[in-house]
Amino acid sequence: MDFPSLAIMRGRMSEDSSELDPLDSEAERPISWTRNLSVRLALLLSGALIPLGLIAVGQTVRLQNELLASNNLSLQALTAEFAQEEREIIKSAFAAAETLALTVPELTDDLASCRSLMSRFVDSVSEAYSFAGFLPIDGVMDCASADLVIDYSVNPDFPEWMRRPKREVRVNSYGPVSGTAVLVVSEPVFDRNETFIGNQIIHVPHDKIDQNFQVKLGDRPIDLVTISAEGDILSASGDRNTALERLPAKLSVKELTQLNPRRIETKNAAGQQRLFSIVPVLSNGFYVIGSWDPEGKHAPAGTGAISQLLLTPALFPILMWLVSLVLIYVALDRQVVRFLRLISLQMRQFAQSRTLPSPTASRFMPSELQVIEDQFLHMSEKLLRDEATLFDAMHDKDVLLKELHHRVKNNLQLISSIISMQIRRTRNGVTAAALKTVNRRVTSMATVHQTLYQASDLGRVQANDLLRDVIRPMIDLAPTTAPVPVIKMSLDPVVLYPDQAVPLALLAVEAVTNALKYLGTDTAGKRWVTVSLETLENEQVRFTIANSTSDSHEPEDEGTGLGSQLIRGFSRQLETSPTIDQDEESYRLSLTFDVVAFEPEDQPLTDIVGTS
């Protein structure tokens with residue numbers, strides 16, 4: 001909807017549209033996205049989720065601590081379970097050795113029967129034992145499950161071994177029959193007279209114990225190692241060659257087995273942080289050591305950084321916060337900010353083109369924003385009507401003012417014509433000169449009113465053009481006697497209110513009149529008049545008129561001349577006072593005054609300066 005009487009206003013708005021466009025100011029902001037309403041509200045509302053996130057993290061950490069404690073207990077229980085199984089294996093081996101030890105004394109003289117007994121025993125329990133034999137005190141074992149003779153007497157530890165008739169469990173890294181590491185179970189054998197005659201030997205293969213470990217552990221990240229007090233590896237759930245590397249790095253076997261309580265969290269020889277649990281098997285001579293990674297930092301090789309991140313306690317709160325942030329942002333942007341942008345665009349279009357915007361055709365706009373838009377459209381229409389009325393009134397005022405200035409100019413010209421007629425009829429030279437002076441002043445005022453009604457903006461006067469119009473006719477009347485006077489004008493473009501422009505123009509008329517009246521010849525033999533209007537800093541303007549003088553012409557007394565009185569009166573209207581500088585060659589009158597600003601707020605002088 002357009003209003004025809006707004007044509008003038010639209011022209012002005014189009015000229016200033018580049019200054020009013022808010023998009024340019026927004027584009028200059030380096031981080032304008034931080035001022036986005038959706039971003040700010042999303043951040044503020046998502047901050048409400050922080051306490052919930054902290055609670056979730058705390059509960060998750062507490063759950064993990066409880067899970068860690070549970071895993072510790074599970075590790076201890078599992079280690080104790082495997083220790084119990086090894087204990088049962090060793091006890092079973094001792095029981096079998098004890099049974100054989102009761103029969104062997106009867107078969108010491110019958111080698112074939114003794115060997116047959118050992119072979120039948122091993123064949124019947126081949127899944128548990130790999131070798132059985134009787135080792136006499138002389139060290140030569142010929143009663144064995146295998147068809148071989150083994151001489152133990154060459155072993156340096158054999159005498160000490162025979163000197164201790166008791167049950168023992170030792171580790172042999174190379175079994176004579178199985179060819180692999182075995183657990184050697186030794187049971188002392190006595191004859192009918194309770195005389196020690198040797199040891200019944202049974203070999204338990206390590207592979208069978210290790211395989212039992214692996215089957216029961218499955219994929220659980222737990223490592224089990226059975227070790228003797230001397231540091232010999234009896235069994236291991238993993239590679240036996242690296243079993244020692246999986247044990248604590250800075251603790252000896254003795255220090256490890258003397259721990260109380262029998263658990264410790266430390267690094268193993270491979271540099272991994274592990275939790276260790278130690279359980280004795282038989283009278284603290286053998287120990288099962290279980291270990292696992294309490295924090296999951298040393299997971300299997302297939303676990304990467306992403307998998308580790310997925311296990312962090314803060315993952316769920318972070319995801320919840322991010323999802324909430326996105327949802328809040330989208331909800332605010334779609335339900336509020338989107339419609340605010342549309343209303344803002346309507347306001348920009350109205351400010352730039354002064355046309356009524358079309359209502360937003362959306363069924364989803366919230367009722368509160370719909371009210372704002374309706375009120376804005378109503379206000380825009382009322383503002384256009386008020387502005388149209390105002391501009392019509394201003395146009396009428398301009399027409400009336402121009403007509404007034406035009407009529408005043410015509411009346412002054414009529415008065416000037418009457419005075420000119422009177423001058424031509426006057427025979428008295430003094431009276432004619434006085435009438436000419438009055439006529440000159442009337443003509444100057446007519447010129448001022450002519451300039452005012454010819455101006456496009458009655459509220460602003462191009463002061464440099466006005467001065468040129470009132471001064472040029474007077475310069476044309478300058479005496480042309482030799483030497484011919486040189487007239488120079490230097491007028492900067494300055495825009496003034498009529499309240500300042502009119503007194504300045506009338507003051508210039510009186511000052512130029514005096515300059516031409518008392519024009520003299522300087523020491524160089526030249527006559528000259530200079531008129532200047534220059535802009536200064538701090539919104540000030542300086543007007544100066546200077547002329548050459550000689551000793552034969554003295555300026556009019558400042559206290560008695562009518563011209564001087566008028567100059568002082570016009571200066572008071574400009575809220576300043578004239579300054580006079582005189583020497584042997586020149587007479588200079590200047591005054592400096594403040595330019596009244598055209599806006600309530602301060603603005604630079606360049607804003608009030610036009611083009612000449």
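Me: Why is D386 called partly exposed?
Reply: D386 has a relative accessible area of 40%. Buried means under 20%, exposed means over 50%, and partly exposed is in between (1.4 Å probe, protein chains only). The value of 40% is in between, so D386 is partly exposed.

Me: How do you know that D386 and K382 form a salt bridge?
Reply: Their side chains meet at 3.1 Å, N to O. A salt bridge needs a side-chain nitrogen of Lys or Arg within 4 Å of a carboxyl oxygen of Asp or Glu. The 3.1 Å contact is within that limit, so the pair counts. Both residues lie in helix 12, four residues apart, about one turn of the helix. Helices here are DSSP runs (H or I, at least four residues), strands are E runs of at least two, and both are numbered from the N terminus.

Me: What makes K382 partly exposed or buried?
Reply: K382 has a relative accessible area of 47%, so it counts as partly exposed.

Me: What kind of model is this, and what are the ground rules?
Reply: This is a predicted model: local features need pLDDT of at least 70, side-chain atom pairs count only at pLDDT 80 or more, and totals for chains, interfaces and linings use all residues. Residues are numbered from 1 along each chain as its sequence is written, and side-chain values use heavy atoms, with hydrogens and water left out.

Me: How many salt bridges are there by this rule?
Reply: The count comes to nine. One of them joins R167 and E98, with the closest N and O atoms 2.9 Å apart. This pair links distant parts of the chain, 69 residues apart. R167 is in the loop between helix 7 (158–162) and strand 5 (168–172), while E98 is in helix 5.

Me: Why are R167 and E98 called partly exposed?
Reply: R167 has 41% relative accessibility, so it counts as partly exposed. E98 has 38%, so the label is partly exposed here too. A network of salt bridges links E98, R167 and E187.

Me: What makes E387 and R354 a salt bridge?
Reply: Their closest N and O atoms are 3.0 Å apart. That is within the limit, so the pair qualifies. E387 is in helix 12 (residues 367–425), and R354 is in the loop between helix 11 and helix 12. They are 33 residues apart. Both are buried.

Me: How do you know that C114 and C143 form a disulfide?
Reply: Their sulfur atoms are 1.5 Å apart. A disulfide is a pair of cysteine sulfur atoms within 2.5 Å. The distance of 1.5 Å meets that rule, so the pair is called a disulfide. The count by this rule is one. C114 sits in helix 6 (residues 111–124) and C143 in strand 3 (residues 143–144), 29 residues apart. Both C114 and C143 are buried.

Me: Why is the link of C114 and C143 called left-handed?
Reply: The angle about the S-S bond is -90 degrees, and the link is left-handed.

Me: What makes the nonpolar surface patch?
Reply: L43, I50, L54, I318, L319, W321 and L322 make a patch of about 640 Å². Patch residues have over 30% relative accessible area and no salt bridge; nonpolar side chains (Val, Leu, Ile, Met, Phe, Trp, Tyr) are joined within 5 Å, like charges within 9 Å. The areas come from the Shrake-Rupley method with a 1.4 Å probe, and for residues only the protein chains shown count as cover. Helix 5 (49–103) and helix 11 (315–353) each supply at least two residues. Helix 11 gives the most, with four.

Me: Which residues gather in the patch of negative charge?
Reply: D581, D583, E584 and E585 gather there, on the surface. Asp and Glu count as negative. E585 lies in the loop between strand 18 (579–582) and strand 19 (586–594). Its relative accessible area is 33%, so E585 is partly exposed.

Me: Why is N538 called exposed and E539 buried?
Reply: N538 has 70% relative accessibility, which is over 50%, so N538 counts as exposed. E539 has 19%, which is under 20%, so E539 counts as buried. N538 is in the loop between strand 16 (528–536) and strand 17 (540–548), and E539 is found in the loop between strand 16 and strand 17.

Me: What is the phi of N538?
Reply: N538 has a positive phi of about 60 degrees, although it is not a glycine. E539 also has a positive phi of about 60 degrees and is not a glycine.

Conventions
The place of a charge is taken as NZ of Lys, CZ of Arg, CG of Asp or CD of Glu.
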